[in-house]
Each structure stands twice: as structure tokens, then as C-alpha cells.
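Trainee: Hi! Could you walk me through this one?
Mentor: Happy to; let's look at it together.
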Amino acid sequence: MSASAALPVVVLGGGGHARVLMDALCLCGVTIQGYSDPRQAPGARGPFGAASLGGDEAVEALGPERVRLVNGIGSTRDTALRRDAFARFAALGFRFATIVHPAAIVAPDVELGEGAQVMAGAVLQTGSRIGADAIVNTRASIDHDCRIGAHAHIAPGAVLSGGVVVGEGSHVGTAATIIQSITIGERCTIGAGAVVTEDLGDCAIAVSPGLRARGPEVEGKTQ
Ligand code: JB2
């Protein structure tokens with residue numbers, strides 16, 4: 001893992017994504033000072049023995065010179081909650097640790113933005129760039145020369161062929177496939193298992209045929 005500073009980390013969030021990150025942090029020997037979650041009372045012992053700090057005001061009180069943060073707020077479709085938490089703390093001067101799980105395969109020239117998170121089994125090929133606070137989740141595959149925008153989420157098992165561009169804040173769903181050189185705009189939602197074979201503009205929704213989209217479905221963009 002490349003959490004660069006020696007500072008202990010505090011994880012934002014106490015749900016499933018936070019626990020996946022805590023596992024990666026423990027595997028890399030990084031000290032977890034605690035986690036913050038408005039839904040959990042301070043003082044309790046949480047996952048991996050991490051201390052519950054209560055809400056984010058407890059993190060703000062620690063100050064950016066004493067801890068680095070890990071954004072444990074995941075996303076299943078809308079990445080705004082995650083993005084807003086990142087922006088809120090960045091504006092206060094906090095820095096976010098960039099995480100690469102020991103079982104990920106990352107080519108040496110891949111560029112990872114601040115707070116990017118690469119989980120177990122992910123494969124990132126040469127020439128790719130991952131934006132700040134983006135998630136490349138479990139077993140996702142990012143082939144050569146891809147560009148993943150800040151705060152985007154490439155969900156578990158998603159497959160991106162070479163030269164794919166995913167815009168800021170977009171969500172590429174579990175086991176979705178995006179073929180080579182496709183560009184997806186910002187804040188798009190690609191449904192689980194969808195196969196994207198044409199470029200998509202901002203805020204597009206693409207789902208597998210036969211699945212009911214929960215928004216204005218984009219006709220004919222998937223096969
Ligand atoms: O502003 C916040 C905030 N907003 C929500 N600050 C802090 N510190 N915590 C916040 N949270 C907390 O994040 C919620 O109270 C909640 O406990 C947690 C989100 O947990 P949840 O179980 O809802 O999902 P998740 O974000 O851990 O994981 C989702 O995304 C992952 C990528 C799930 O869909 C997972 O299945 C998925 N793998």
C-alpha cells in the first residue's frame with residue numbers, strides 16, 4: 001500500500017467499503033487511529049479493532065496535521081456523498097491516503113491520484129491514470145491507457161478494455177464491460193453486467209437489456 005505519510009489514518013464511514021479498506025490498511029501495517037460514522041456511537045470498538053470516533057466533527061477536531069484520511073464511504077450508483085465528504089475535508093487541509101491492496105496488480109507507470117483506492121485482485125495495466133478519490137474495486141480490470149476520473153467507482157469485476165475514458169463521478173457497475181476506446185462522460189451510471197459499445201455523454205444511464213433502469217434509460221447503447 002502506498003499510504004505515503006507515517007501519520008495514522010482515520011477512515012470516514014463504518015460500512016462495508018470502510019471494512020474492506022481497513023482490511024487493506026491492516027495488511028499493509030498502517031495504523032488505523034479510528035473511524036468516523038454519524039450512525040455509530042463514539043467509544044465503541046469497530047471492525048478490525050478500530051475505535052469509533054462518532055461523527056466527522058471528531059475528525060475535524062483532530063486536525064490535518066495529526067491524521068490522514070481514508071474515504072470509506074462507498075457508492076452503489078450516486079458518487080456524490082463520497083465526493084462531497086472528500087471535498088469537505090480537503091477544504092479543511094486534510095490529505096487522503098492512496099491505497100493499493102497488496103493483492104492488486106498495478107503496472108509501475110500507472111498514475112494514482114490522491115486518495116485513489118485499488119482493491120484486492122484489481123489489475124491496472126500500463127499507461128492508465130486513476131483520478132483522486134476514485135475506487136477500482138475488487139477484481140476490476142483496467143487495461144492499458146485508460147483514464148478514470150476523480151471520484152469514479154469501477155465496481156467489482158468490471159472490465160475496461162484499453163483506452164477507455166470514464167468521466168468524473170461515474171459509476172461502472174459490477175461486472176460491466178466497456179470495450180476499447182469508449183468514452184463515458186461524467187456522472188454516468190453503467191448498470192451491473194452492462195456491455196457498453198458506444199460513447200456515452202454526461203449523466204447517461206446504460207443497463208443490460210431486459211433490466212429495468214431506474215432513470216431515463218439510454219436506448220441501444222448497450223448490447
Ligand atoms: O459524511 C459522512 C457519511 N455519510 C455516510 N461521513 C462519515 N464519516 N460517514 C458517512 N456515512 C456513513 O457511511 C454511513 O453512516 C454508513 O454507515 C457508511 C456507508 O456504509 P454503507 O453500508 O451504506 O455502504 P458503503 O458505502 O460502506 O458501501 C457501499 O459501496 C461499496 C462500494 C455498498 O454498496 C457496498 O456494497 C459497496 N461494495
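Mentor: A term to begin with: two strands pair if DSSP finds at least two bridges between them. Helices (H or I, at least four residues) and strands (E, at least two) are DSSP runs, numbered from the N terminus. Please keep in mind that this is a predicted model, where local features need pLDDT of at least 70, side-chain atom pairs count only at pLDDT 80 or more, and totals for chains, interfaces and linings use all residues. Residues are numbered from 1 along each chain as its sequence is written, and side-chain values use heavy atoms, with hydrogens and water left out.
Trainee: Okay, how many strands form the open sheet, and in what order?
Mentor: Seven, in the order β4-β7-β10-β13-β16-β19-β21, with parallel pairing. At the edges sit β4 (99-100) and β21 (205-206), each of which pairs on one side only.
Trainee: And what is the bridge partner of T189 in β21?
Mentor: That is I205. β19 (residues 189-190) pairs with β21 in the parallel sense over two bridges.
Trainee: Switching topic: which residues come nearest to the ligand?
Mentor: Of 18 residues around the ligand (a heavy atom within 4 Å), the nearest are S36, D37, D56, G74 and T76. Helices α1 (16-27) and α3 (80-91) each supply at least two residues of that shell.
Trainee: What polar side-chain atom lies 2.5 Å from a ligand oxygen?
Mentor: One belonging to D37. A polar side-chain atom of R88 is 3.2 Å from an oxygen atom of the ligand.

Conventions
A polar contact is a pair of N or O atoms within 3.5 Å; within protein, one must be able to donate a hydrogen and the other to accept it, and residues adjacent in sequence count only if both atoms are side-chain atoms.
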